[in-house]
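This report concerns the packing of helices against one another. Please consult the sequence and the model as the pairs are described in turn.

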Amino acid sequence: MEIRAYEPRDKERLRFICLKTAPAFDTDKKRDALFAAYLDFYIDVCPDYCFVAVNDSDQPIGYILCAPDFDDYYRRYFSSDLPYSQKLLKSDPATFISLKLNKLFVGKLKNEYPAHLHIDILPEGQRMGIGTALVDTLRQKLREDAVPGVFLTCSADNVKGVNFYRKYGFQEKKKLFGSILFATEC
């Protein structure tokens, strides 16, 4: 297993991983929403903060995606200049509203932890240190760019995820309607 920078040729494989690790997104409309909300913006707009874990065949089996500045992400994501939020609104209005309200939930936390991340690893790659390696790689990049901290939101029902973040050293900052907001310094 190796961690390397995201490359545009990885996009379809990352979409595959995103689908395999997300709850039932079984229609084209739901898949469009999933990609618009949690994948495409990051790899299109912030590719320098996207890393993949690859197997011996250089095929991604996991990834970590990040926007280094939540305020910039929020402004750009919901801008009419980019297609992501409008795609999401058409595909899944509830997720659109949830992301739109994120700014309220994150509040002042974004001042100390301005970056936010998404991470997904195929089941066959879990519990092998890949998550730790991906987070370590991202945190190193954020430190190099003087970003002081990073946060994420995890479903409280995602027991493996919650346990991973706690074990890694992320601190629980808030509970939000069935989710937990975690943060750590870079």
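## Helices α4 and α6

In this predicted model, helix α4 (residues 70-77) and helix α6 (residues 93-106) have axes that come within 11 Å and cross at roughly 155°. Because an angle over 145 degrees counts as roughly antiparallel, α4 and α6 are roughly antiparallel to each other. Their crossing is left-handed.

On the α4 side, the contact is made by Phe70, Asp71, Tyr73, Tyr74 and Tyr77. The α6 side contributes Leu99, Lys100, Asn102, Lys103 and Val106. By class, the residues of the contact of α4 with α6 comprise six nonpolar, one polar and three charged.

## Helices α2 and α5

Helix α2 (residues 28-38) packs with helix α5 (residues 84-91) at an angle of about 150°, and the two axes are 8 Å apart. The relation between α2 and α5 is therefore roughly antiparallel. As α2 passes α5, the crossing is left-handed.

Which residues of α2 meet α5? They are Lys29, Asp32, Ala33, Ala36 and Ala37. Their counterparts in α5 are Tyr84, Lys87, Leu88, Lys90 and Ser91. The residues of the contact of α2 with α5 fall into five nonpolar, one polar and four charged.

## Summary of the two pairs

The pair α4 and α6 is roughly antiparallel, with a left-handed crossing. The pair α2 and α5 is likewise roughly antiparallel, and α2 passes α5 in a left-handed crossing.

How values were computed
Residues numbered from 1 in each chain as written. Predicted model: local features only at pLDDT ≥ 70, side-chain atom pairs only at ≥ 80, totals over all residues. Heavy atoms only, no water. Axes fitted to C-alpha atoms, helices over the stretch in contact; angles between N-to-C directions. Helix = DSSP H or I, 4+ residues; strand = E, 2+ residues; numbered from the N terminus. Parallel < 35°, antiparallel > 145°, perpendicular 65-115°, else oblique. Left-handed = near helix turned anticlockwise from the far one by under 90°. Contact = heavy atoms within 4.5 Å. Nonpolar A, V, L, I, M, F, W, Y, C, P; charged D, E, K, R; others polar.
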